[in-house]
Amino acid sequence: MYPGNDIQGWMRVEELQWLFNMAGQMQSIVEVGVWKGRATHALLSGGTAEVLAVDTWETTIHGHDPVEAHQDFLRLAQGFPQLTIMRLSSLAAARVLDQPVDMVFIDADHSYEAVRADILAWRTKARKLICGHDYKKSWPGVQRAVQEIFGTDFGVFKGIWFHNIKS
């Protein structure tokens, strides 16, 4: 059972529990869009998976200072030796990463164009699962990109969309 965290963010406890559970089944995870690390904490706490956190920490989110968010994340990171940080854009990180990972979790720019580009860039890197956050009416770009790429071959848990990779 995931103990939860008090890290600022918009992910609900049930969604954090889902990430925690999925992380326990993985050896390697990429998280795209990290901010202060609310979801990262759940992924790192769920097992022994190596987690690669990808973010630029250059975007102001809901008026919050990105420098402060990055500093908060670095404090969190100190407690997790299985965490690697890649301070790059999603697409640049996907180009640099030359090995597959078990799971990719996308929660960065929520515009249609960005979500579509992120999914296309990362889906060939994922061996087991590609998923993301904010599949809901208030983020139509997320919904459109997911539906366009996966058709009906995806599931939704609360606000998390997921597509299992068939081997």
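The model is predicted: local features need pLDDT of at least 70, side-chain atom pairs count only at pLDDT 80 or more, and totals for chains, interfaces and linings use all residues. Residues are numbered from 1 along each chain as its sequence is written, and side-chain values use heavy atoms, with hydrogens and water left out. The chain contains six helices and seven strands, and its largest pocket holds about 840 Å³ of space.

**Overall fold**

- Read from the N terminus, the elements follow the order α-β-α-β-α-β-α-β-α-β-α-β-β; helices (H or I, at least four residues) and strands (E, at least two) are DSSP runs, numbered from the N terminus.
- Along the principal axes, the C-alpha atoms of the chain fill a box of roughly 40 × 35 × 30 Å.
- Of the 167 residues, 53% count as buried (buried means under 20% relative accessible area, exposed over 50%, and partly exposed in between, with a 1.4 Å probe and protein chains only).
- Among contacts with a separation of 6 or more, 69% join residues 24 or more positions apart; a contact means heavy atoms within 4.5 Å.
- The chain exposes about 8300 Å², of which carbon and sulfur atoms supply 51%. Accessible areas come from the Shrake-Rupley method with a 1.4 Å probe, and for residues only the protein chains shown count as cover.

**Pockets**

- Pockets and cavities are found on a 1 Å grid over the protein atoms alone: a cavity is a set of points where a 1.4 Å probe fits but cannot get out, a pocket is an open set with protein on both sides within 12 Å along at least five of seven lines, and lining residues have an atom within 4 Å of a point.
- Grid points are joined across faces, edges and corners, and a volume is the space filled by probe spheres set on the points.
- The largest pocket has 38 lining residues, and Ile61, Asp107, Ala108, Asp109 and His110 lie nearest its centre.
- At least two residues of this lining come from each of β1 (28-32), α2 (38-45), α4 (90-96) and α5 (112-122).
- The lining of the largest pocket comprises 16 nonpolar, 12 polar and 10 charged residues. Ala, Val, Leu, Ile, Met, Phe, Trp, Tyr, Cys and Pro count as nonpolar, Asp, Glu, Lys and Arg as charged, and the others, Gly among them, as polar.
- The second largest pocket has a volume of about 150 Å³. Its lining has 13 residues, with Glu50, Leu52, Leu97, Gln99 and Val101 nearest the centre.
- β1, β2 (50-54) and β3 (83-86) each give at least two residues to the lining of the second largest pocket, which divides into eight nonpolar, four polar and one charged.

**Cavity**

- The structure has one cavity of 30 Å³ or more, and the largest cavity holds about 50 Å³.
- The largest cavity is lined by Ile106, Asp107, Ala108, Asp109, His110, Val115, His133, Val142 and Trp161; five of these are nonpolar, two polar and two charged.

- In helix α1 (residues 13-23), eight of the 11 residues are buried, namely Glu15, Leu16, Gln17, Trp18, Leu19, Phe20, Met22 and Ala23.
- Elements that cover the buried residues of α1 include β1, α2, β4 (101-106), β5, β6 (155-157) and β7.
- Helix α6 (residues 140-150) has Gly141, Val142, Gln143, Ala145, Val146, Ile149 and Phe150 as its buried residues, and their cover includes α5, β5 (126-132) and β7 (160-164).
- Gly151, which follows α6, has a positive phi near 60 degrees.

**Selected residues**

- Trp35 lies in the loop between β1 and α2 and is buried, with a relative accessible area of 8%. Its phi is near 55 degrees, a positive value in a residue other than glycine.
- Gln71, in helix α3 (residues 66-77), is partly exposed at 42% relative accessible area. The C-alpha atoms of Gln71 and Trp35 are separated by 9.9 Å, although the two residues are 36 residues apart along the chain.
- Lys158 occupies the loop between β6 and β7 and is partly exposed, with a relative accessible area of 44%. Although Lys158 is not a glycine, its phi is positive, about 50 degrees.
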